[in-house]
Amino acid sequence: MPSTLDESTDPYCLRPGEAAELLRGHPWRRFVAIGDSVVEGMCEPTPGYPDVQWVDRVAAELTAARPGLAYRNLGRRGLRAHQVRAEQLAPALAFAPDLALVVCGGNDAFHPKYDADAVDAELTAMIGALRDAGADVLTVGMFDVSHSPAVPDVLRPGLAGRMRQLSAHTASLAQRHHTIHVHLTDHPLTTDPTLYSTDGRHGSARSDAIATAETLRALSRRLQAPSAPPVNPRQPVDHEVIATTRRRGGQ
């Protein structure tokens, strides 16, 4: 990365005034975030980029567009997906959010015995509960940390496969449950070493700035799209519609 590059000149970051335009008139009043260290905020400082962590910055931009927004970040480092659900879902629901961010599974995928189906089940439970409570849900396919220079070469292929599996499964869940999905895994800079911290597990302030831009753009796309249809199979059944369909010969 050239030494003169900073957020104001980085083509992948927000332009002046872009955040306000993207979020103009947004409806959200209560934003909660649950997950692991990615949500808590563990990015490494990078000259030329703000030290404000990704989720906190998204909350700040939402607040700037709608003063008075209530925000709670429940993220905590080191948790696996089942621990996020066990420890954070109940307080998140008690907060009564209308916008919720769910990011976890990375700590599961760091282990060679990563159980993708088990993580999918935990994510599905969290997304479903928050959707049932009336919240729009944000999900994320994170940058592929296997490209961090701090990851030993011998571990890189296995970690890359698991991280991409987590990202692909999360994207599939997002489509099925109509979340607002932010796909960073195939970002043009995902192989750029400047996106990753020296610990080999987290991002840099540059990656957080880029993630902020992509998150706000995803929120803006939802604002411009029709409302997502209900997908929860436990939603009340419209028996009148079913009866009418059967009278017409439907199944």
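**Ground rules**

I worked on a predicted model, where local features need pLDDT of at least 70 and side-chain atom pairs count only at pLDDT 80 or more, while totals for chains, interfaces and linings use all residues. Residues are numbered from 1 along each chain as its sequence is written, and side-chain values use heavy atoms, with hydrogens and water left out.

**Entry 1: overall fold**

I looked up the secondary structure and found nine helices and five strands. Both are DSSP runs numbered from the N terminus: helices are H or I with at least four residues, strands are E with at least two. From the N terminus, the order reads α-β-α-α-β-α-β-α-α-β-α-β-α-α.

I then looked up burial. Of the 251 residues in the chain, 48% are buried. Buried means under 20% relative accessible area, exposed means over 50%, and partly exposed lies in between (1.4 Å probe, protein chains only).

I also looked up contact range, with contact meaning heavy atoms within 4.5 Å. Among contacts between residues at least 6 apart in sequence, 80% join residues at least 24 apart.

**Entry 2: salt bridges**

I searched the whole structure and got 13 salt bridges. The criterion is a side-chain nitrogen of Lys or Arg within 4 Å of a carboxyl oxygen of Asp or Glu.

I looked up arginine 217 and found a salt bridge to glutamate 18, with the closest N and O atoms 2.9 Å apart. Arginine 217 sits in helix H8 (residues 205-224) and glutamate 18 in helix H1 (residues 18-23), so the pair ties together parts 199 residues apart in sequence. Glutamate 18 is buried, at a relative accessible area of 17%.

Next I took arginine 164, which meets aspartate 144 in a salt bridge at 3.4 Å, N to O. Arginine 164 is in helix H7 (residues 156-177), and aspartate 144 is in the loop between strand S4 (136-141) and H7, 20 residues apart. I noted the accessibility of both partners. Aspartate 144 is buried at 1%, and arginine 164 is partly exposed at 32%.

Arginine 156 pairs with aspartate 153, the closest N and O atoms being 3.0 Å apart. Here arginine 156 is partly exposed at 22%, and aspartate 153 is exposed at 61%.

I also logged a network of salt bridges that links Asp10, Asp192 and Arg206.

**Entry 3: H3 on H8**

I looked up how helix H3 (residues 54-65) packs on H8: the angle is about 45 degrees and the axes are 9 Å apart. Axes are lines fitted to C-alpha atoms, for helices over the stretch in contact, and angles run from 0 to 180 degrees between N-to-C directions. That makes H3 oblique to H8. Under 35 degrees counts as roughly parallel, over 145 as roughly antiparallel, 65 to 115 as roughly perpendicular, and the rest as oblique.

The crossing is right-handed. That label applies if the near helix is turned clockwise from the far one by less than a right angle, left-handed if anticlockwise.

On H3, the contact residues include Trp54, Val58 and Leu62; on H8, they include Ala209, Leu216 and Leu219. The contact divides into seven nonpolar, two polar and three charged residues. Nonpolar covers Ala, Val, Leu, Ile, Met, Phe, Trp, Tyr, Cys and Pro; charged covers Asp, Glu, Lys and Arg; the others, Gly among them, are polar.

**Entry 4: H6 on H7**

H6 passes H7 in a right-handed crossing. Among the residues that meet are Val119, Leu123 and Ile127 in H6, and Leu166, His169 and Leu173 in H7. I recorded six nonpolar, five polar and two charged residues in this contact.
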